[in-house]
Amino acid sequence: MGKDVIVACDFSGKEQVLAFLDKFHGRKPFVKIGMELYYAEGPAIVREIKARGHQIFLDLKLHDIPNTVKKAMAVLSNLDVDITNLHAAGTTAMMKAALEGLTRPDGTRPLLIAVTQLTSTDQAAMEQDLLIHEPIDQVVMHYAETARNAGLDGVVCSPLEAGKVHARCGKGFLTVTPGVRFADGDVGDQKRVMTPAQAKRIGSDYIVVGRPITAAADPVAAYERCVAEFCD
Ligand code: C5P
């Protein structure tokens with residue numbers, strides 16, 4: 001797996017997502033399936049998109065007691081996804097249990113990455129609601145290091161944090177970065193954004209791009225533009 005563009009397929013149902021993917025004809029973009037689509041359509045949608053030849057990042061952000069997460073991860077591993085994730089806040093014990101659950105009898109497993117602090121959580125919310133009083137960037141780096149020490153493959157983070165994560169956790173520790181916008185595009189509800197070219201320069205391993213592709217007049221052209229800026 002190398003640098004790639006992952007298309008966030010935030011659609012509410014099978015019909016919409018398959019109609020979207022049909023536009024790509026021979027191309028098989030790496031697809032992110034999130035909670036909305038998964039909860040609407042269940043594991044069948046993962047199998048169907050996989051059978052069409054796409055790699056899949058299943059973004060369900062698990063967070064529960066270690067035994068429950070381990071068993072859930074074993075189910076997701078059987079779906080043959082390529083990347084899945086959990087919350088680092090579930091602690092080292094949960095992350096290690098997740099890796100055990102994901103590992104198939106032949107020793108292979110999907111990549112496992114951690115969410116550190118959600119980008120919707122700011123310093124004030126962290127202090128007031130979570131009683132965490134360290135600066136948020138230190139908290140993010142600490143969670144990334146905890147994930148690496150538990151044996152995970154990387155983190156989901158802002159492209160603005162990707163360089164720091166690599167400096168702290170090593171170049172081989174994956175940074176998967178949403179919050180990507182074209183220089184001439186709409187920012188929408190994302191606050192801290194980068195272009196695909198900037199994300200490449202800072203060292204993101206994968207960019208996750210949703211609306212700049214899914215809501216474009218020509219989604220395939222928008223996807224190709226991301227690939228040209230980020231991968232080439
Ligand atoms: O449409 P847009 O490009 O903003 O989509 C970004 C995708 O990445 C969405 O699926 C969103 O849920 C996800 N994401 C994010 N920020 C995070 C984690 C995930 O935008 N910190």
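User: Which polar side-chain atom lies 2.8 Å from an oxygen atom of the ligand, I mean, which residue does it belong to?
Analyst: It belongs to Arg181, with the caveat that this is a predicted model, and in it a polar side-chain atom of Arg181 is placed 2.8 Å from a ligand oxygen atom.

User: OK, and what about Lys32, how far is its side chain from an oxygen atom of the ligand?
Analyst: For Lys32, an N or O atom of the side chain is 2.9 Å from an oxygen atom of the ligand. Gly210 contributes through its backbone, where a polar atom is 2.8 Å from a ligand oxygen atom.

User: How much of the ligand does the protein bury?
Analyst: The protein buries 81% of the 470 Å² that the ligand exposes when taken alone.

User: Which residues are around it?
Analyst: The residues around the ligand are Ala8, Asp10, Lys32, Thr119, Pro178, Arg181 and Gln190, together with Val208, Val209, Gly210, Arg211 and Pro212. By class, that shell has five nonpolar, three polar and four charged residues. Strand S8 (206-209) and helix H10 (211-214) each supply at least two residues of the shell.

User: Which helix gives the largest share of the lining?
Analyst: Helix H8 does, with four residues of the lining of the largest pocket. Other elements that each supply at least two lining residues include strand S2 (30-34), helix H2 (35-41), strand S3 (56-62) and helix H7 (136-150).

User: Switching topic, how much space lies in the second largest pocket, and what lines it?
Analyst: About 160 Å³ of space lies in the second largest pocket, and its lining residues are Arg181, Phe182, Asp186, Val187, Gly188, Arg211, Pro212, Ala215, Ala216 and Ala222. That lining divides into six nonpolar residues, one polar residue and three charged residues.

Note on methods:
Residues numbered from 1 in each chain as written. Predicted model: local features only at pLDDT ≥ 70, side-chain atom pairs only at ≥ 80, totals over all residues. Heavy atoms only, no water. Near = heavy atom within 4 Å. Polar contact = N/O pair within 3.5 Å; in protein donor to acceptor, adjacent residues only side chain to side chain. Areas by Shrake-Rupley, 256 points an atom, 1.4 Å probe, with all protein chains shown as cover. Nonpolar A, V, L, I, M, F, W, Y, C, P; charged D, E, K, R; others polar. 1 Å grid on protein atoms, 1.4 Å probe; cavity = no way out; pocket = protein on both sides within 12 Å on 5 of 7 lines; lining within 4 Å. Points joined across faces, edges and corners; volume = space filled by probe spheres on them.
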